[in-house]
Amino acid sequence: MASAQLFGIILFGAIIALTMYVTYLASKRTTGTGDFYAAGRSLTGFQNGLAIAGDYLSAASFLGIAGLVALYGYDGFMYSIGWLMGYVIVLFIVAEPFRNSGNFTVADVISYRLKQRPVRTAGAVVTMAITMFYMISQLVGAGAIIHLLVGIPYTVSLIIVGVLMMIYVTLGGMLATSWVQIIKAVILMAAMLIMLAFIAIVFKFNLSSLFGTIINGGEIPGFGKVGGQGMEFLTPGALYSNPIDLLSLGITLILGTAGLSHLLVRFFTVPTAQAARTSVVWGMIIIGSFYFIIAIIGFSSASLVGSDAINEAGGGGNMAAPLLAQVLGGGEGTIGGELFMAGVSAVAFATIVAVVAGLVITGAGVFAHDIYTNVIKRGEVDSRKQFQVARITAFVIGVVSIILGILAENFNVAQLVTYAFAVGASSNLPVIIFSIYWRRFNTPGAVAAMLTGTITTVILILLSPNIMGDAAIYPLTNPGLFSIPLGFLAAVIVTLMTKPEDNDKMFAEMSVRAHTGLGAEK
């Protein structure tokens, strides 16, 4: 293991050095809030598409889905399908009008024609909840991957990643974060294609051979006896015995993407609405390719590594992809196997660092721009002070996330991320859609939707089997089936029961901006 550890440390060091250099270059160009929050709106559609993929393809996607597919087959595969389909909602409903209607944060969009202070305050609560759930999952993956490869204790691993993400954000802002995400997307896809090539050679470029070994078992030269999970592995029920639970998961994943604050703010980094659309198209191409490959990697892990080895590595299956790399490279103890695992683990590390940087800058932006500037100071603050507050907030978010990550060590990262999707779909999505498309929508309706969606989601999670085990009061592992309709219902019912606001002129202006781009922030 000494050679693998040394190689892993070298790769980790190289990734850190490259991203630090990018941060240094970006820090020279980050002089104001526009640069810090939106990268000066300087990215092209293709660059932002890569950055979207880098932001979206998190530890949950790379480590979590591979593990879930490897351990639970069909049910794990549903995670990748749901996350991919979520971008269809973003493309057709949200991307263009969202970019045209806002400025730096989600609250800029939803508060444009509503009362600023209550809407921004409620929006900040939602964004912080999403950020924390998402952040915890990334740090859990970081701790597991560094501990597996380098042998550093889990807690120390979390602190290392936390310090790195605080440096990226506080010094380089969104510009550095965007380029770290672009670099990560390129590295991740390259590693995935290399693994796919190895898998194709092992199974002779035949998917039927792969699934045949899973169903019936078999013997592959150099790997011995593999597979043998049986046909039930490729049918629903291994992870979710209750079909209603699987339905709840699907609804959450598909609708949740359009409500994730840290992904939505990426549309503010491009100069035009057309570039925003181009970003989503490129993002979908890259993300779609990724989810096809990660499913193959998961099934290959099930066949070649086996559930016993994956479970023995710990982390709820999060180590399936690195262990597959080890097997494909020659197995445990071989130079090829250890080096290949080290390389894939380093890619996973780059994946985590890029995503957590995006999360931190979103949380920092929400507090500094929405709460401090527009709620506490009522807009009366210079950009320099706002800039300082954002950097301090980034540091605080990093510290809190590290503490929570230590407490969630044994959760599967993909399952943790679904909680963030549930909050986004239950709280942000109804308010974004109604703000842009419903003239009657008012401030009480917006606040009710955001608070109802967030509070209901958190309560149902705490009462679910994942937290309470056999004593669970809420029977489903995912809250989306109930929390999402409640968020939409709260928006509609409270809006209709309260006095309409005299904002027809603002709604008309927002509609023009949303659908034509005229008057949108450049």
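**Entry 1: helices α18 and α20**

I began with a pair of helices and noted that α18 crosses α20 in a right-handed way (right-handed if the near helix is turned clockwise from the far one by less than a right angle, left-handed if anticlockwise). The model is a predicted one, in which local features need pLDDT of at least 70, side-chain atom pairs count only at pLDDT 80 or more, and totals for chains, interfaces and linings use all residues. Residues are numbered from 1 along each chain as its sequence is written, and side-chain values use heavy atoms, with hydrogens and water left out.

I looked up the geometry next: α18 spans residues 443–462, α20 spans residues 480–497, and they pack at an angle of about 155° with their axes 8 Å apart. Axes here are lines fitted to C-alpha atoms, for helices over the stretch in contact, and angles run from 0 to 180 degrees between N-to-C directions. The helices themselves are DSSP runs (H or I, at least four residues), numbered from the N terminus.

I then listed who makes the contact (heavy atoms within 4.5 Å). From α18 the residues include Pro444, Ala448, Thr452, Thr456 and Leu460, and from α20 they include Phe482, Leu486, Ala490 and Val494. The residues of this contact divide into nine nonpolar, eight polar and no charged. In this count Ala, Val, Leu, Ile, Met, Phe, Trp, Tyr, Cys and Pro are nonpolar, Asp, Glu, Lys and Arg are charged, and the others, Gly among them, are polar.

**Entry 2: Thr454**

I stayed with α18 and picked Thr454, which lies in that helix. Thr454 has a relative accessible area of 5%, so I marked Thr454 as buried (under 20% relative accessible area; exposed is over 50%, with a 1.4 Å probe and protein chains only). Leaving aside residues up to four places away in sequence, Thr454 touches Val125, Val126, Ala129, Val423 and Ser427.

I looked at Lys204, which sits in the loop between α8 (154–202) and α9 (207–216). Its phi is near 55°, a positive value in a residue other than glycine. Lys204 counts as exposed, at 70% relative accessibility.

Phe205 is in the loop between α8 and α9. Phe205 is not a glycine, yet has a positive phi of about 55°.

**Entry 3: the sides of α9**

Which residues of α9 are buried? I found Leu210, Thr213 and Ile214. They cover an arc of only 100° around the axis, so they lie on the same side of α9; the arc is that of the directions from the helix axis to the C-beta atoms. On the face turned away from the buried side of α9, I noted the exposed residues Ser208 and Asn216.

Notes: Helix = DSSP H or I, 4+ residues; strand = E, 2+ residues; numbered from the N terminus.
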